[in-house]
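This report describes one protein model for a reader who has not seen it before. Please keep the sequence and the 3D view at hand while reading.

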Amino acid sequence: MLKEFKEFAFKGNMLDLAVGVIIGGAFGKVVTSIVNDLVMPPIGLLLGQVNFTDLFIALNGETYASLDAAKKAGAPTFNYGQFISTFLDFLIVSFVIFMVVKQLHRMRKKEEPKEKAPATTKECPHCLSDIPARATRCKFCTSELEKGGGSVRGSIQ
């Protein structure tokens, strides 16, 4: 059982997955920082110096100066500003992942040129029926066929 676990844990795909998860976590932090520190401040400035992290509605009906003040008072809050930031974070991450997957598919298609399989049938030039490619006589009209192609050398009627 230990041997099987070792084979499973140290397979290339498992290690690739672990590396992907670690890099994905770090990438998520970078995108969150981009959204919170670079994208949202200019949007807030354009909308009249709004700090999106402080956009909330106190559900108890009272008014608080900031989200921190409402949390310290123990008020239930509807934090729609943080939701907007998180949603933008999601959109950016999903778009980047989409672009990466699209590029990987494009590269994979270039790497794997499809070889054309040899034809298994050909068309009889006399009766236009499909016959095996190596046939020398049509099984439908009994025409004699040239060895390489499908042309008629003669026919029996």
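Helices (H or I, at least four residues) and strands (E, at least two) are DSSP runs, numbered from the N terminus. In these terms, Phe 5 is placed in helix α1. The model is predicted, so local features need pLDDT of at least 70 and side-chain atom pairs count only at pLDDT 80 or more, while totals for chains, interfaces and linings use all residues. Residues are numbered from 1 along each chain as its sequence is written, and side-chain values use heavy atoms, with hydrogens and water left out.

**Overall make-up**

The protein chain holds four helices and six strands. Read from the N terminus, their order is α-α-β-α-β-α-β-β-β-β. Buried means under 20% relative accessible area, exposed over 50%, and partly exposed in between (1.4 Å probe, protein chains only). By that rule, 16% of the 157 residues of the protein chain are buried. The accessible surface of the protein chain is about 12600 Å², and carbon and sulfur atoms hold 63% of that area. Accessible areas come from the Shrake-Rupley method with a 1.4 Å probe; for residues, only the protein chains shown count as cover.

**The nonpolar patch**

Leu 2, Phe 5, Phe 8, Met 14, Leu 17 and Val 21 make a nonpolar surface patch of about 650 Å². Patches are made of residues with over 30% relative accessible area and no salt bridge; like charges are joined within 9 Å, and nonpolar side chains (Val, Leu, Ile, Met, Phe, Trp, Tyr) within 5 Å. Helices α1 (2–9) and α2 (12–46) are the elements that give two or more residues to this patch. Phe 5 counts as exposed because its relative accessibility is 53%.

An unreviewed UniProt entry places the feature "transmembrane region" at residues 12–35 and 80–101. UniProt positions are given in the numbering used here, feature names are shortened, and annotations may be inferred rather than shown by experiment. In the model, residues 80–101 are 100% helix and 0% strand, and the end C-alpha atoms of this span lie 31 Å apart.

Rings of Phe, Tyr and Trp (its six-membered ring) pair if their centres lie within 6.5 Å; planes under 30 degrees apart count as stacked, over 60 as edge-to-face and the rest as tilted. Two aromatic pairs are counted by this rule.

| Pair | Centre to centre | Angle between planes | Class |
|---|---|---|---|
| Phe 83 and Phe 87 | 6.0 Å | 25° | stacked |
| Phe 87 and Phe 90 | 6.3 Å | 35° | tilted |

Phe 83 and Phe 87 are about one helical turn apart because they are four residues apart in helix α4 (residues 80–111). Phe 87 and Phe 90 also both lie in helix α4, three residues apart. Ring pairs link Phe 83, Phe 87 and Phe 90 into a cluster. Phe 83 is exposed at 55% relative accessible area, Phe 87 is partly exposed at 41%, and Phe 90 is exposed at 51%.

**The region from β3 onward**

Glu 123 belongs to strand β3 (residues 121–123) and is partly exposed at 46% relative accessibility. Ser 129 sits in the loop between β3 and β4 (130–132) and counts as buried at 18%.

One salt bridge (a side-chain nitrogen of Lys or Arg within 4 Å of a carboxyl oxygen of Asp or Glu) is found in the whole structure. Glu 144 and Arg 137 form a salt bridge, with the closest N and O atoms 3.0 Å apart. Glu 144 is partly exposed at 30% relative accessible area, and Arg 137 is partly exposed at 36%.
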